[in-house]
Amino acid sequence: MDKNIRVKKYLLSAFLLILAGTVLSLFTGKYPLASALLGGEDPQAVKVFLALRLPRTCMALLGGFGLGTAGYVYQMVFHNPLASPDIIGVSSGASAGAAFGILFLSAGAFPVTAASFLGGLTAVALTLALTRLAPGTGQGTIVLAGIAVHSLAQTLLMILKLTADPERELASIEYWIMGSLNAVSLYRLPFTAVLCLFCLAGIFLLRRQVLLLSVDQEEGRMLGVAVEKIRFLVLLLATLLTAAIISLTGLISFIGLIAPHTARLLTKDNSFPTLFLGGLLGSFLLLSADLLARSVTAGELPVSIFTSLLGVPFLLYLMLKRN
Amino acid sequence: MKKFISTFMILILALSVTACAAGNSAGTAQSPEQAADTGLSSSAAMQVTYPVTLNDQAGRQVVIEKEPETLVSGYYISTSLLLALNCQDRMTGIEAKAKNRPVYRLSAPSIIDLPSVGSAKEFDLEGCAALNPDLVILPVRLKDVFPTLEELGITVLAVNPENQQLLEEAALLIGTATNTLPAADSLFQSAKDSLAQLEEALKDTKKPAVYLSGNSSFLSTAGSNMYQSNLITQAGGINAAAELTDNYWSEISYEQLLAWNPDYIIAASDASYTVDSILNDPNLAQCKAVKNGNVYQLPNGIESWDSPVPGSFLGSLWLASILHPDEYPDIQWKEAAAAFYETFYRFTPDLENLYDRS
């Protein structure tokens, strides 16, 4: 089969899956919406749909797409199939920031989001500053600096957890780290959405350069890429994207790792359609995981449980099939 | 004979409590009711004779050789029980963060500065051993440290006051161990009387739906299997989250809360958020409780009445006065609260300032 047609088929299938998932997601939830919307007697139902159900579905689509794309970018830039936002400390920085927010600001949703966003950015700024200070410009330096900052943020998080009241704050911190789309609502979505779209647009505009970064650095330079500048810019966009998403949802594991790999195993290359497919698979994964997280039990479950439960078997299947 | 009656009575008082004075066998034809009747009417019969063997709430047999003169409590509920049993002067060690408990400050300020033996999270074995107490009372969840303490020659009594029944059993255990059975026996009487009175007052009223939000977030709540659910039902309300059957606080969504649409939202005593944050949350603007301004926080100025402490019945009485002000006016629970704390904790509570702002 012609490769282009095959890739198009994958993209189309992903679109259709997402469409089905979106419809299902819009009509699944604790508030009895389906009958109320059709019957049209409950004015509350419309509000619930617009203020909670729709934003949550949008966040699942956008968040999954963002995490999948950011993961792809990290893996390309670092030439490392295991690279994820944690490699330069953004996740652990965001966690420490969220814990700080929960302990010292207020358990309210907005201060925690703001603190976690700042925490993620601080960690990355620290990583990049350390890289600047060190002689040499290889990716080795940035990874090493990232590991140092990651450990530092983890230590800080541990200290914060230790001082937390186990009944109240510690529980909140643990729940935050497990991730959930429960906090998403119409009032909280716009900032995150705008930031995500901005970063995604940037990454898509720079898609050629991202692909070139994945080849040898010298080769990239010969092909006319200002390697360091572009790398810095692309990393910044991917990091901002990740920080914007996880500051609202808490840590969501595996999507950034699994979605791009799955896409690559399907298309068998590193091209723009693969980047896009990675994003779509991320959307589908988060959409399905969130659907399960809010409907399996009467309460809310952490979304990360399901991103791993759903994503890992699929990745393993593709891996084994390839061999 | 006295010895014998005391032995048998303790056996009756709680299923998990057995007391065997040395050289006595408890097998007789006397019915449990008779024993309880004669026992409870005479406080002299409530004298404990040592050595006494107890089955503690971890299922261990604990022999207490003589009446303990020095006590360490590693859990706030057992500390609250010790205060109610007037044992504060025998305490030589206390759990961590004692200064955060207003009832200690009000009832026995001296215990706040006792050496800390840590918390259930981080127990300080050496610190506890250094105090060399006659008896250490610890929660069951610290069971890993029991063998070590015993090797050091320290007697450990494990309690597990996770609900009202277990709390009453724990009170009798501690009462027997510390020779304060009369107080342990009467401790829950006023609670039972007040709750019976309340039930009578509310018998024909309509029951509103009440959503109890947990300490960590107002989107966490207690299902019907949880101790805290009783607080609502005793106060003449229906737990809006009754369909949840988890044994711990469950996380729920805004949607779920709106679907339940409770008449009242009651925040836990130690909530890390404010009542205003619920009232001002735009996602909840359509919720009945928020629309009508029926959002309150359980008082925390004395104790957290949503945890199984002896005074927890006051949480139900307070809530009843919110849900049913006509049938159960404010003054009634305040009288009950004043009487309770004056009798068992030896202070007069300030019931105009119900919240600890420190």
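Reader: Hello! What should I know about numbering and confidence before I start?

Author: Welcome! Residues are numbered from 1 along each chain as its sequence is written, while chains are lettered from A and ligands numbered from 1 in the order in which they are written. Since the model is predicted, local features need pLDDT of at least 70 and side-chain atom pairs count only at pLDDT 80 or more, whereas totals for chains, interfaces and linings use all residues.

Reader: How do I read pLDDT, and where in chain A is confidence lowest and highest?

Author: pLDDT is the predictor's confidence in each residue, from 0 to 100. Chain A has a mean of 85, with 91% of its residues at 70 or more. Its lowest confidence is in helix H10 (residues 217-222), at a mean of 66, and its highest is in helix H8 (residues 189-205), at 93.

Reader: How many helices and strands does chain B have?

Author: Helices (H or I, at least four residues) and strands (E, at least two) are DSSP runs, numbered from the N terminus. Chain B has 15 helices and twelve strands.

Reader: In which order do the strands of the open sheet in chain B stand?

Author: Two strands pair if DSSP finds at least two bridges between them. Here four strands form an open sheet in the order E4-E3-E5-E6 (chain B), with parallel pairing. Strands E4 (91-93) and E6 (156-159) of chain B are at the edges with a single partner strand each, so one side of each has no neighbour in the sheet. Two bridges link E3 (residues 71-73) of chain B to E4(B), and B:Val72 is opposite B:Gly93 in E4(B).

Reader: Which helix packs on this sheet, and at what angle to E3(B)?

Author: Axes are lines fitted to C-alpha atoms, for helices over the stretch in contact, and angles run from 0 to 180 degrees between N-to-C directions. Two residues are in contact if their C-beta atoms, placed from the backbone, lie within 7 Å. Helix H3 (residues 76-84) of chain B touches E3, E4, E5 (135-139) and E6 of chain B, and its direction makes about 135 degrees with that of E3(B). Helix H7 (residues 164-177) of chain B lies across E5 and E6 of chain B, at about 165 degrees to E6(B).

Reader: How many residues does each chain give to the contact?

Author: Chain B gives 24 residues and chain A gives 27 residues. On the chain B side, the largest share, five residues, comes from H11(B).
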